[in-house]
Amino acid sequence: MSSFVKRRGAVSIKGTRASLHSGQPITSCGNPSLDHIFGGGFPIGSVIAIEEDKYVNYSRVLAKYFLAEGLANNHSTFVASLEEDPAELIKKLPVPVENTPSENKNVTQAPEDMRIAFRYNQLSVVDLEQKPSAQIGHFFDLSKQISEHELAKHDVTYWDGSNAQPSEMFTNPHYKSLLDAIHRKSSEPQFNPTSAEPKEKNLLRICINSLGSPLWYDQNFFTDAIKFLTILKSFVRNSLSCCLITLPVYLFQHLADNHRTVRLLDQTDFCIALESFAGSDKETNPVFKEYHGLLDIVRLSALNSLAPFVPETRDLAFKLRRRKFVIEKLHLPPELGDEETGKTKAATAGLSCASTGMGKLDF
């Protein structure tokens with residue numbers, strides 16, 4: 001029997017492409033630098049988790065990127081939130097820019113002259129920013145928001161938990177209400193409304209904002225949340241969907257049994273943690289003066305492949321500019337003594353060696 005197997009034709013969906021590492025279809029999360037860390041994008045049918053920073057400033061930006069990328073590709077979008085009105089959340093999405101930002105294009109920064117290791121002046125500058133090799137996403141301008149006229153053209157479904165009914169499956173009725181809404185939406189045939197072909201398949205993007213916040217939390221939170229994520233993953237796996245969930249893990253740190261938090265994150269496929277420098281000692285540390293926080297890769301899964309993608313480095317930091325969110329390799333500057341400090345030390349040493357200040361000592 002021949003071992004040759006004919007390869008099936010991949011589903012062609014706008015905003016997706018085949019991965020260069022596994023061959024499975026992947027899509028962008030809306031931030032090209034984050035896509036680059038995970039091998040170019042996230043597989044269709046995956047559940048992505050973001051551990052929120054303490055003040056939820058930066059995790060919200062990544063959630064906006066995820067939703068804005070869906071609207072840019074005319075994907076069907078499902079937004080769920082108990083913290084705020086999901087309709088108000090999506091009105092704050094950024095708009096895509098036409099061209100790649102010119103500040104990182106064809107610009108070569110001249111290296112600073114080194115006083116000690118001067119031979120390294122001939123070497124090229126380290127490329128800190130994570131840049132995609134094959135881009136499938138868009139660049140967005142955070143300083144501009146989408147218009148209501150443009151938003152009305154897209155297929156967006158909102159869930160705010162207003163119609164939750166008691167359920168025997170969960171202690172908190174919001175889980176059952178959210179699962180029913182996601183199941184109804186994922187079971188519908190998803191078609192691209194702007195395509196020339198009337199039955200061209202489309203991708204469903206699901207975004208759940210701040211799952212585990214005080215409005216979700218109760219005494220059976222972990223039992224309900226683990227069960228909810230297990231069922232949600234089966235919905236996403238069996239449909240053309242991709243799900244992003246933000247989790248306030250910092251609220252669970254007071255618990256003695258941390259293994260339940262680990263079990264909760266094990267129900268996701270990919271997970272990153274954002275550590276903000278705001279309110280910590282690192283905020284005033286001159287070593288981290290160029291960054292706003294650290295990005296940690298918590299979980300990598302081998303989804304429909306033998307081995308997961310291995311990033312170049314796990315030492316990553318991020319900074320939020322006025323127009324974009326940038327993820328870079330954490331590159332600490334060398335610790336060189338200040339000239340003024342050196343002069344002060346030299347003067348102090350000279351005074352300590354001279355008893356009367358008349359001249360140098362003879363040994």
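Predicted model: local features only at pLDDT ≥ 70, side-chain atom pairs only at ≥ 80, totals over all residues.
Visitor: Which residue meets the side chain of arginine 323 in a salt bridge?
Guide: Residues are numbered from 1 along each chain as its sequence is written, and side-chain values use heavy atoms, with hydrogens and water left out. A salt bridge is a side-chain nitrogen of Lys or Arg within 4 Å of a carboxyl oxygen of Asp or Glu. Here the N to O distance is 2.6 Å, and the partner of arginine 323 is aspartate 141.

Visitor: How many residues apart are arginine 323 and aspartate 141?
Guide: Helices (H or I, at least four residues) and strands (E, at least two) are DSSP runs, numbered from the N terminus. Arginine 323 sits in the loop between strand 13 (316–320) and strand 14 (325–329), while aspartate 141 belongs to strand 7 (residues 140–145). The pair links distant parts of the chain, and the separation is 182 residues.

Visitor: How many salt bridges does the count come to?
Guide: Side chains of opposite charge can pair when their charged atoms come close. One example joins glutamate 88 and lysine 91, whose closest N and O atoms are 3.6 Å apart. Some bridges share partners, and in this way Asp155, Lys185 and Glu188 are joined into one network. The count of salt bridges comes to twelve.

Visitor: Which helix holds arginine 60, a partner of glutamate 84?
Guide: The side chains of glutamate 84 and arginine 60 meet in a salt bridge at 2.2 Å, N to O. Glutamate 84 lies in the loop between strand 5 and helix 3 (86–90), so the pair ties together parts that are 24 residues apart in sequence. Arginine 60 counts as partly exposed at 28%. The helix that holds arginine 60 is helix 2 (residues 59–72).

Visitor: Which side chain is joined to that of aspartate 269 by a polar contact of 2.7 Å?
Guide: Aspartate 269 is in the loop between helix 7 (259–266) and strand 11 (270–276), and it is buried, with a relative accessible area of 3%. A polar contact is a pair of N or O atoms within 3.5 Å; within protein, one must be able to donate a hydrogen and the other to accept it, and residues adjacent in sequence count only if both atoms are side-chain atoms. The side chain of aspartate 269 reaches the backbone nitrogen of valine 47 at 2.8 Å. The polar contact of 2.7 Å joins aspartate 269 to arginine 237.

Visitor: How far apart are the end C-alpha atoms of helix 6?
Guide: Helix 6 has 17 residues, and its buried residues include Phe221, Phe222 and Leu229. Those buried residues are in contact (heavy atoms within 4.5 Å) with strand 4 (47–51), helix 5, strand 9, strand 10 and helix 7. The expected span of a helix is 1.5 Å times one less than its number of residues. For helix 6 that gives 24 Å, which agrees with the distance between its end C-alpha atoms, 24 Å.

Visitor: How many disulfides does the count come to?
Guide: A disulfide is counted when a pair of cysteine sulfur atoms lies within 2.5 Å. The count comes to zero, and for cysteine 207 the nearest cysteine sulfur, that of cysteine 243, is 7.8 Å away. For cysteine 243, the nearest is the sulfur of cysteine 242, at 7.6 Å. The number of disulfides is therefore zero.

Visitor: What pLDDT does the protein average?
Guide: Over residues 101–111 the pLDDT stays under 50, and the model has ten contacts beyond four places in sequence for them. It also stays under 50 over residues 123–127, for which there are three such contacts. Across the protein, 74% of the residues score at least 70, and the average pLDDT is 81.

Notes: Buried < 20%, exposed > 50% of the residue type's maximum accessible area, 1.4 Å probe, protein only. pLDDT = per-residue confidence, 0-100.
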